[in-house]
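Take a look at the model first.

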Amino acid sequence: MKISTAIAAAVLSAEPIADASRLEPSVLNEVCHALSIAPTNSPAVAPDIAEKAFETNGLDTTAIAIKLVSLQKSDGRWLSGTNDVTAAAVRILESL
């Protein structure tokens, strides 16, 4: 009887599995912070450069957010080689 009660309590208290298409609050907080320190005067970026810079194809929303936030430089910009791809990164993060 004790085992079935413990199992029932575990099932009832279990949190649902995270939805990969929605950002968890901690990740959303990091995205908001990254966007807040990103410069607003970044040059436009050709789509092919941005696509090569981030390689987000096949990643879920959370993985894209984590990847982009971790690639941000200390001055708030994103670089791909010598190309400033900040505008593309901001556009992607805002779409999440």
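Helices (H or I, at least four residues) and strands (E, at least two) are taken as DSSP runs, numbered from the N terminus. This is a predicted model, so local features need pLDDT of at least 70 and side-chain atom pairs count only at pLDDT 80 or more, while totals for chains, interfaces and linings use all residues. Residues are numbered from 1 along each chain as its sequence is written, and side-chain values use heavy atoms, with hydrogens and water left out.

**Layout**

The chain has five helices and two strands, and along the sequence they come in the pattern α-α-α-α-β-β-α. Of the 96 residues in the chain, 27% are buried, where buried means under 20% relative accessible area, exposed over 50%, and partly exposed in between (1.4 Å probe, protein chains only). Contact here means heavy atoms within 4.5 Å. Take the contacts between residues at least 6 apart in sequence: 73% of them join residues at least 24 apart.

**Helix α2**

Helix α2 covers residues 25-37. The expected span of a helix is 1.5 Å times one less than its number of residues, so the 13 residues of α2 should span 18 Å, and the 19 Å between its end C-alpha atoms agrees.

Which residues of α2 are buried? They are V27, V31 and A34. Seen down the axis of α2, these fall within an arc of 60 degrees, so they line one face of the helix; the arc is that of the directions from the helix axis to the C-beta atoms. As a rule, an α-helix has 3.6 residues a turn, so residues three or four places apart point the same way. The face of α2 turned away from its buried side carries the exposed residues P25 and S36. As for partners, the buried residues of α2 pack against α4 (61-71) and α5 (86-95).

**Two helix pairs**

Axes are lines fitted to C-alpha atoms, for helices over the stretch in contact, with angles running from 0 to 180 degrees between N-to-C directions. A crossing is left-handed if the near helix is turned anticlockwise from the far one by less than a right angle, and right-handed if clockwise.

| Pair | Axes come within | Crossing angle | Hand |
|---|---|---|---|
| α2 and α5 | 10 Å | roughly 145 degrees | left-handed |
| α4 and α5 | 10 Å | roughly 145 degrees | left-handed |

Ala, Val, Leu, Ile, Met, Phe, Trp, Tyr, Cys and Pro count as nonpolar, Asp, Glu, Lys and Arg as charged, and the others, Gly among them, as polar.

In the second pair, I64, A65 and L68 of α4 meet A89, I92 and L93 of α5. The contact of α4 with α5 divides into six nonpolar, no polar and no charged residues.

Leaving aside neighbours within four places in sequence, A88 is in contact with V45, A50 and F54. The C-alpha atoms of A88 and A44 are separated by 7.6 Å, although the two sit 44 residues apart along the chain.

E55 lies in the loop between α3 (47-54) and α4. Its phi is near 45 degrees, a positive value in a residue other than glycine. Most residues other than glycine have a negative phi. E55 is exposed, with a relative accessible area of 57%.
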